[in-house]
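Subject: The structure for you to look at

Hi,

Here's the structure I promised to pass on.

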Amino acid sequence: MKIVMLGAPGAGKGTQAKMISAKYGVPHISTGDIFRANIKNGTELGEKAKKYMDQGLLVPDELTLALIMDRFAQDDCKNGYVLDGFPRTIAQAEALTKSLKDNGDALDMAIDVDVPDENIIERMGGRRACVNCGGTYHILFNPPHRAGFCDLCGGELSIRKDDLPETVKKRLTVYHEQTQPLIDYYTGEGILRTVDGTKDVNEVFAAITELLA
Ligand code: AP5
């Protein structure tokens with residue numbers, strides 16, 4: 001199973017990708033999470049990526065592609081993966097298609113989690129992420145059992161730096177300019193499916209599992 005999750009920042013790609021990963025036993029690969037882990041660990045890649053992420057801009061393709069190709073080479077990707085936040089530009093999508101094709105392989109599906117911009121700002125304001133394991137919550141729509149702490153590992157929850165309203169607006173602009181064209185790209189490849197991301201988390205997941213059945 002090789003799946004790409006598409007959608008605006010905050011559409012719920014990460015939330016759904018984690019649920020797909022748990023149900024189908026494929027790794028959840030989030031380029032955003034990998035960049036954030038590198039920033040936390042003070043690596044050279046993290047230092048470079050941070051400059052772009054803090055402004056709501058995309059990290060350059062060459063950095064992102066080197067990182068993701070390295071990740072695909074790891075053993076746990078043999079039976080597939082669910083990609084969250086990659087690809088994000090046409091150049092990234094074409095590189096992914098080519099690298100799969102070179103191995104006689106292809107993606108199974110690209111799932112667009114469709115949420116209008118007006119819902120996004122509200123979601124980002126309430127998002128909390130675990131500083132330890134990256135678990136994601138929302139103070140109203142998906143609260144942790146114990147306020148301020150992760151259900152999965154007990155780690156502390158914090159607000160992502162790029163979730164400040166001005167940065168979210170910039171991320172939405174960048175999304176419409178650079179990432180939304182992937183909807184047409186994967187429609188052309190015949191693998192695009194769309195789910196209504198404004199529904200409750202479990203309803204969105206039910207729609208996705210129906211697509212994957
Ligand atoms: P990344 O981490 O990928 O951020 P993003 O795409 O902007 O997506 P988010 O993680 O913000 O949102 P999401 O759709 O996963 O939503 P979530 O499930 O958390 O990227 C961050 C940055 O890294 C980029 O800006 C860029 O700089 C860089 N980067 C990453 N990949 C890159 C690439 N390939 N190329 C270049 N640069 C790259 O949900 C959001 C909130 O809503 C949560 O609080 C959640 O609990 C809640 N929620 C989820 N579903 C629902 C629902 N159905 N109803 C109500 N609330 C919900």
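Predicted model: local features only at pLDDT ≥ 70, side-chain atom pairs only at ≥ 80, totals over all residues.

Let's start with helix H4, which covers residues 61–72, and its partner H5. Their axes are 11 Å apart, and the two helices pack at an angle of about 30°. Angles under 35 degrees count as roughly parallel, so H4 and H5 are roughly parallel to each other. The crossing of H4 past H5 is right-handed. Which residues meet there? From H4 you'll find Asp61, Thr64, Leu65, Met69 and Phe72, and they meet Ala91, Gln92, Ala95, Leu96 and Ser99 of H5. Sorted by class, that contact has 6 nonpolar, 3 polar and 1 charged residues.

Next, go to the loop that sits between strand S3 (81–84) and helix H5 (90–102), where you'll find proline 87. Most peptide bonds are trans, if you were wondering why I bring it up.

Now for the ligand. There are 37 residues around it, and those that come nearest are Thr15, Leu57, Arg88, Arg127 and Arg171. Arg171 has a polar side-chain atom 2.6 Å from an oxygen atom of the ligand. For arginine 36, an N or O atom in the side chain is 2.8 Å from a ligand oxygen. Glutamine 92, which we already met in the H4 and H5 contact, also has a polar side-chain atom 2.9 Å from a nitrogen atom of the ligand.

Cheers

Definitions and conventions:
Residues numbered from 1 in each chain as written. Heavy atoms only, no water. Helix = DSSP H or I, 4+ residues; strand = E, 2+ residues; numbered from the N terminus. Axes fitted to C-alpha atoms, helices over the stretch in contact; angles between N-to-C directions. Parallel < 35°, antiparallel > 145°, perpendicular 65-115°, else oblique. Left-handed = near helix turned anticlockwise from the far one by under 90°. Contact = heavy atoms within 4.5 Å. Nonpolar A, V, L, I, M, F, W, Y, C, P; charged D, E, K, R; others polar. Near = heavy atom within 4 Å. Polar contact = N/O pair within 3.5 Å; in protein donor to acceptor, adjacent residues only side chain to side chain.
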